[in-house]
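Subject: Structure handover

Hello,

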Amino acid sequence: MRLLIAGIGLIGRRHLEHALSMPQIDVVGVVDPQLRQEHVPHYSSIEAVTVEADAILIATPSHLHADHAEAAAARGWHMLIEKPVAHSLDAADRIIAAAETAGVQTLVGHHRRHHSAVAALKAILAEGIIGTPVLASMIWAMKKPDPYFDVAWRAGPDGSPVLINLVHEVDLLRYLFGDVISVSGTGSNAQRNAARVESGAAVLGFEGGMAASIAFADTSASPFGFEAGTGENPNIGATGEDYLRICGTKGAVSFPSLTVWSGAQDWSQAPKRARHDWAANVPLISQLEHLADVCSGKAPPKISAVEARKTLETTLAIEAAVGVTCLA
Ligand SMILES: NC(=O)c1ccc[n+]([C@@H]2O[C@H](COP(=O)([O-])OP(=O)(O)OC[C@H]3O[C@@H](n4cnc5c(N)ncnc54)[C@H](O)[C@@H]3O)[C@@H](O)[C@H]2O)c1
């Protein structure tokens with residue numbers, strides 16, 4: 001796969017490092033008006049690219065995704081777009097329309113769908129060990145350092161953890177349980193008193209009656225969160241603690257330890273505990289391998305722009321629900 005990478009910032013740099021280490025990928029150029037990368041052809045804009053490519057990885061700021069996806073589609077490149085697919089539903093629709101018109105594939109960077117622990121959890125649910133899921137309870141509570149908010153765009157409402165962090169949690173829950181049909185929530189900015197939500201809770205209703213709660217905070221030095229639990233992100237301290245519990249008609253499972261409880265007929269019996277293993281992988285690498293398969297027609301995208309738009313829609317609904325209580 002001849003790959004371009006646009007946006008060599010925080011996440012683009014990690015993608016570039018992985019792509020350069022993969023024999024099946026030829027990084028034919030990087031696109032960024034700010035940064036020059038040694039040993040790789042550099043272009044200051046997508047329009048300036050002169051090299052042939054099969055795909056582009058768009059890791060530019062979210063509000064530019066639609067512009068860049070339209071430009072990429074016009075060049076006939078398949079694309080991996082970082083999450084969130086776009087900053088608004090209208091922008092997501094522009095991406096979907098451009099890709100359809102050009103006949104190119106879109107894959108969106110919800111990389112947890114490529115995490116081996118998530119695959120193992122999905123397999124446990126599919127095997128029916130805990131029966132039909134009826135509820136899930138999640139805590140994502142991390143303390144962001146103060147300088148994180150010194151960047152201009154993060155100082156205001158766009159620095160809310162909902163579209164930055166909870167979008168991952170929403171996509172994970174959608175991946176496990178399907179489409180969301182209702183959203184409610186409450187939020188607060190009591191610690192930092194900034195013009196954005198910093199903590200709160202959301203309740204999601206799913207088709208089929210399943211409900212999930214997400215309690216969140218970027219002001220808490222707790223050990224609970226996907227990144228802390230799995231050790232997935234080199235920039236976030238690993239704790240190994242569970243942050244998600246799923247309860248079903250025949251038992252329950254907590255994640256990421258994959259501790260499964262089953263065997264009780266009703267509340268007169270204590271369910272038995274068992275541990276399931278998962279072998280660590282690097283999801284960003286698995287995602288690039290999948291992109292190569294998508295480009296060569298070997299696999300449909302695990303999450304296309306159409307599917308990621310649904311995750312965005314739910315996340316924006318959470319932002320509206322939790323924001324109303326503290327930003328009115
Ligand atoms: N999957 C994840 O876990 C994850 C993590 C972080 C960020 N992201 C997403 O990745 C995207 C980028 O986030 P970031 O934190 O890396 O941002 P960043 O600000 O660190 O980097 C963005 C880069 O894009 C470049 N850029 C700006 N305009 C450009 C243009 N017109 N053409 C090409 N490059 C341009 C900037 O110069 C910068 O180098 C966002 O959509 C974000 O939500 C995803």
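Domain bounds here come from an automatic or database domain assignment. The model itself is predicted.

Domains. For the protein chain, the assignment gives domain 1 as 2-104 and domain 2 as 115-280 + 312-327. Their C-alpha centres are 29 Å apart. Six residues from domain 1 and five residues from domain 2 make the contact. On the side of domain 1 that touches domain 2, five residues are nonpolar, one is charged and none is polar.

Six strands form an open sheet with parallel pairing, in the order 3-2-1-4-5-6. Strand 3 (42-43) and strand 6 (106-108) are at the edges with a single partner strand each, so one side of each has no neighbour in the sheet. Strand 4 (residues 55-58) and strand 5 (residues 78-81) run parallel and are joined by four bridges. In this pair, Ala-55 is opposite His-78 of strand 5. Helix 1 packs on the sheet, where it touches strand 1 (2-6), strand 2 (26-31) and strand 4. The direction of helix 1 makes about 160° with that of strand 1.

Ligand. The ligand is surrounded by 22 residues, of which Gly-7, Gly-9, Leu-10, Gln-34 and Glu-82 are the closest. Which helix gives the most to this shell? Helix 1 (residues 10-20) does, with three residues. Sorted by class, the shell holds ten nonpolar, nine polar and three charged residues.

Regards

Methods:
Residues are numbered from 1 along each chain as its sequence is written. This is a predicted model: local features need pLDDT of at least 70, side-chain atom pairs count only at pLDDT 80 or more; totals for chains, interfaces and linings use all residues. A residue is near a molecule or strand if its C-beta atom, placed from the backbone, lies within 6 Å of it. Helices (H or I, at least four residues) and strands (E, at least two) are DSSP runs, numbered from the N terminus. Ala, Val, Leu, Ile, Met, Phe, Trp, Tyr, Cys and Pro count as nonpolar, Asp, Glu, Lys and Arg as charged, and the others, Gly among them, as polar. Two strands pair if DSSP finds at least two bridges between them. Two residues are in contact if their C-beta atoms, placed from the backbone, lie within 7 Å. Axes are lines fitted to C-alpha atoms, for helices over the stretch in contact, and angles run from 0 to 180 degrees between N-to-C directions.
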